[in-house]
Amino acid sequence: MKNSTTITLLTALLLNMGITASAQVKAYTVADAHSHNDYKNNIPFYRAYEKGFGSIEADVYAVNGRLMVAHDKKEISAKRSLKILYIDPLIEKLNRDPQRHLRLLIEIKEDYKAILPLVISELKPLEKYFAYDGHPGRLSIVMTGAVPPAAVMPNYPDWISFDVDHLDGFTAAQWKKIGLVSFPLSKYVHWNGKGVFNADEIKRIKGGIDSVHNAGKKVRFYETPDTKSSWLAMLRLGVDVIGTDDIEGLGNFLNRKETSEYTAPEPYAVYHPTYKSDGEVKKVKNIILCIGDGMGLSQLYATYSANKGQLNIFQMLNMGFSVTYSADAYITDSAAGATAFASGQKTNDRAIGVDADGKPLRSLADYSADAGKKTADIAVCELTDATPAAFYAHDAERSHAAAIASQIVSSPVDIFLGSGYNDFLRPLNGVTPIDKMKQRGYAIVRNFDDFLNTPATKILALMDDSVTRPKMAGRGNYLPLALKKVTQTFKNAPNGFFMMIEGSQIDHGGHANNLKQVITENSDFDRMVGDALRFADEDGETLVIVTADHETGGLTLLDGNIGKGYVWGDFSTNDHTGTPVPIFAYGPHSLDFRGVFNNTEIFNKLKALIK
Ligand SMILES: [Zn+2]
């Protein structure tokens, strides 16, 4: 008896919690969007409908026994009837799309007595789609504007409901006829759509929203600024119907919401460096060059926010900005970007390890090998991809994967890790790059565990593409483990080592305009950097550099909550941008990396330290 009571109470509690949670977080989609004055845009109905809008508005006049769509009387023309612009398209579309729901908001411009009888007769062909109490259809008809007095509302058919701007003075029968409550935003606040509401304003607006919700109806605001900040504010407030004149803008904003928002599950701990050797002017024995492909300041700050306000990279005190334009473009690609910091020359986009005239350039890996250092080239992508390739290959065209792969045979780099095995199987003079590397004494490794466990000191590790899948698709600790493997292999090298290790896929998240992908990749990269800083502290002669080749996505942070690990990112492009990227340095000579300088200076500054 006692047990079953407990279970019942617990069940009730859980159910209650579930209801509360879902009531608090409304999952917005483009179905919550309303095309205000829809008939005014160049393609009435279809633009908003095809974009997925759940609500469309048309203003009507009664002219010679027909409903004509117009904002004012002067605009009335024979071709712009409600039938032509809305009723006929609705019949066709609702028939074809059996899942589609829509609200048609019809604004009575004048004389409901003339208009409502025409609505009843003209909308008759849509009858089977009508949604109202006891008739679960897909088309809601809501009359707005010069609606009749409440007293006569119940005289109209059940499928006709009304939009009103107040809650008081209705009888129960009249209230049943209310389909929507709409307020001018100015009833609560005067706002130009910029910035955020203060606590007092939120309280006032929320009061209005709650009063409608408590009365069991949906709420809309009109005369709202048509900006991203305003749409975001409506979402945050829990408004049911978000109006716009910018169908593309609001449609994209809501359609991309799922890939624009991210809340990190659990923050990870960051490493707090000792700073013992930081900034010392002394010998640099080892260099760890960490490249976050596509990692700009917004990507870093989004990752910092998702990690509840901490980042390993932000522990680094000495920082600057790297200017990334290439020889032939304001916007660099990864090939020209990597060539600049690997070999010190601005070259054309697409060019790997050659200057703008096609002349091969030596990389930091080559100079390090000359100085007797061990070297490593580590990426989470094909080894022939731009960033890793810039350290061993020379080709004016980055897509020449086979030609790039073939050049690995003359590189002094000791440890390679990436994917793209097949590129290394194409024979040159009868010998494949793989065979040639075997002859040169390299262990050829095809499996990540084998890579971590091999006792070999010269390794060509070529993973299947599934191993270098996105972090959010379950890649695991690839980067931190790769860093550990290389540092352990090289730590007793008498002349030290140089390693390039790339967080290759931060860029992919930017190209895909997927904030979760950006942040999960950047977090993975940042954890690896934390381990690099710890190694640098233990070693005392290691310089850690963290930078990017360029920014990807034009990422803007529209909203976030550091306490909750939450971010809303908005991308302005699916490509790279020209914004300079941050550079962070830790360890001896880290002071050399302050200021704003060209990406080629990264090469010059590092080369000067390779002895
Ligand atoms: Zn890219």
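**A tour of two helix pairs**

Start by selecting helix α11 (residues 334-343) and helix α20 (residues 600-607), which pack at an angle of about 25° with their axes 5 Å apart. That angle makes α11 roughly parallel to α20 (angles under 35 degrees count as roughly parallel, over 145 as roughly antiparallel, 65 to 115 as roughly perpendicular and the rest as oblique). Axes here are lines fitted to C-alpha atoms, for helices over the stretch in contact, and angles run from 0 to 180 degrees between N-to-C directions. Helices are DSSP runs of H or I with at least four residues, numbered from the N terminus.

Before moving on, note that this is a predicted model, where local features need pLDDT of at least 70, side-chain atom pairs count only at pLDDT 80 or more, and totals for chains, interfaces and linings use all residues. Residues are numbered from 1 along each chain as its sequence is written.

Now show A340, F341, A342 and S343 in α11, which meet T600, I602 and F603 in α20 (contact means C-beta atoms, placed from the backbone, within 7 Å).

Next, select helix α10 (residues 297-306) and helix α19 (residues 515-539): their axes lie 9 Å apart, at an angle of about 85°. These two are therefore roughly perpendicular to each other. Which residues of α10 meet α19? Pick Q299, L300, A302, T303 and A306 in α10; their partners in α19 are L515, V518, I519, N522, S523 and D526.

Finally, zoom out and colour by domain: domain 1 is 28-255 and domain 2 is 263-607, with bounds from an automatic or database domain assignment. The C-alpha centres of domain 1 and domain 2 are 52 Å apart.

Definitions and conventions: Two residues are in contact if their C-beta atoms, placed from the backbone, lie within 7 Å.
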